[in-house]
Amino acid sequence: MGGRQCKIRLAVSHDPPGLPAGPPGAIFAGWKHLRPALSLRQSGCVIDRLATATSLLDLPPAEARAALQRWVADRGLPRYRADQLLRRLWMAPVERWADATELPASLRAELEEAHPLLRLQADVIQQSTDGTRKYLWRLADGEAIESVLIPSGTRRTLCISSQAGCALRCAFCATGRMGYRRNLTPYEITGQVREILLRTPDDKPTNIVFMGMGEPLLNWSAVDTSLSILNGAEGFGIGARHITVSTVGILPGMEALSKRPEQFRLAISLHAPTTEQRLGIMPIEKKYDLEAVLRAAQAFRKRVTFEYVMIAGVNDSDTDADRLVKLARRLGALVNILPLHPGGAPDLTPTPAPTIRRFADRVRNQGVEATVRRSRGLDINAACGQLRVEVEKQRHGETLSP
Ligand code: SAH
């Protein structure tokens, strides 16, 4: 044989949880959550393959349990250890394994090495006078994402991000203007809850809405896993009816979500009652038009909510209200009317409050349930994407708006 001998070096930052050692192909075959190899470089005949193994916190609880059981078994530890470790991922989370004092010190040290618990760094935490709290999380690669915690009576709704930036460029949205950066991993999505539990366990969210940065249904694989972590009894145990996925209407994602057996809620960012009007503010209308989105929502067979941001002169006339009623009736949808948060869109004008009230009454008088959401956290830039935009401006020497 004249060919040179090939050496393959595989570098992983830590073991894929619980998987047996073996040739690279075998290690990663079927490992659906593995992040793509960071570099696959071929020099002569030597392939360097550097991959970041998936964290336990990136797995659905059932897979994390299985991985931990294998890991524990490989070390000849008693089976109950796997349950103890699993608890520390989401049910009773710790910042680092060293804090899991029910475990022997040697095991804690080994876990720190094999399965470090990833963190999101809190760059900014802002508290609004109305109780709304906004977090800007810094990710390992420097990207920043936002979450907003909104207390209301006994409810604490956490608005979470699913992507850094967003590709959709809706005219009224601050995140849209910064463009798409990247998808978040399951850990980065659910870490927004975990970090709050680590800091202030009493603030555990009762409700989750995917209404932060990004389009969740364009990051379905990670959102799918995140739903299992948020809802699972061995995850955060938040009821499926209290978890809402909000979308502009990404058809393949809507179909995937509808296949899940749990009663997750779906919100459609409608914002306009006709294709023509929607085209003016939401470029995605070109790809998935209103009629197709409505049909997909009908197939969802669970009650949906229409989100409707009120923009003066764009979508707030009586005719718009009547058209919206027709669409909502067809689907049995609830309508959630949102005042336009001015920071998101300097070139658009919010509909005045009395006009919003009249619009909402007109919808209700025709038998459609409609709520007007109070604008929360106005003093802390709590609309989608605004905090990151403000912090980045500040970094570039501009001042934060009041
Ligand atoms: N991409 C998803 C989720 C992120 S946006 C979606 O579009 O549904 C979440 C919600 O915040 C949407 O209903 C969106 O319309 C709303 N939103 C964005 N910018 C806003 C602003 N400036 N004022 C009020 N609501 C806004």
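**Aromatic pairs and helix contacts**

At 2% relative accessibility, phenylalanine 359 counts as buried in this predicted model, the limit for that class being under 20%. Phenylalanine 359 belongs to helix α12, which spans residues 353–364. Its partner is tyrosine 308: the two ring centres lie 5.4 Å apart and the ring planes meet at 25 degrees, so the pair is stacked. The cut-off for stacking is an angle under 30 degrees.

The structure holds 2 aromatic pairs. The other is formed by tyrosine 135 and tryptophan 137, whose ring centres are 5.0 Å apart; the planes stand at 5 degrees, so this pair is stacked. Both members are buried: tyrosine 135 has a relative accessible area of 2%, and tryptophan 137 has a relative accessibility of 0%.

Helix packing was examined next. Two packed helices are described by the angle between their axes and the distance between the axes. Helix α8 (residues 251–258) and helix α10 (residues 290–300) have axes that come within 10 Å and cross at roughly 5 degrees. Because angles under 35 degrees count as roughly parallel, α8 is described as roughly parallel to α10. On the α8 side the contact involves Leu251, Met254, Leu257 and Ser258, and on the α10 side Ala292, Val293, Ala296, Ala297 and Phe300. By class, the residues of this contact comprise 8 nonpolar and 1 polar, with no charged residue.

Phenylalanine 300, a member of the contact with α8, also has a charged group over its ring: the charged end of lysine 302 sits 4.9 Å from the ring centre.

Helix α10 also packs against helix α11 (residues 318–331), the axes coming within 10 Å and crossing at roughly 30 degrees. This angle makes α10 roughly parallel to α11. Here α10 contributes Leu290, Glu291, Leu294, Arg295, Ala297 and Gln298, which meet Leu327, Arg330 and Leu331 of α11. The residues of the α10 contact with α11 divide into 5 nonpolar, 1 polar and 3 charged, whereas the contact of α8 with α10 has no charged residues. Ala297 of α10 takes part in the contact with α8 and in the contact with α11.

Conventions
Residues numbered from 1 in each chain as written. Predicted model: local features only at pLDDT ≥ 70, side-chain atom pairs only at ≥ 80, totals over all residues. Heavy atoms only, no water. Axes fitted to C-alpha atoms, helices over the stretch in contact; angles between N-to-C directions. Helix = DSSP H or I, 4+ residues; strand = E, 2+ residues; numbered from the N terminus. Parallel < 35°, antiparallel > 145°, perpendicular 65-115°, else oblique. Contact = heavy atoms within 4.5 Å. Nonpolar A, V, L, I, M, F, W, Y, C, P; charged D, E, K, R; others polar. Phe/Tyr/Trp six-rings, centres within 6.5 Å; stacked < 30°, edge-to-face > 60°. Buried < 20%, exposed > 50% of the residue type's maximum accessible area, 1.4 Å probe, protein only. Lys NZ or Arg CZ within 6 Å of the ring centre and 35° of its normal.
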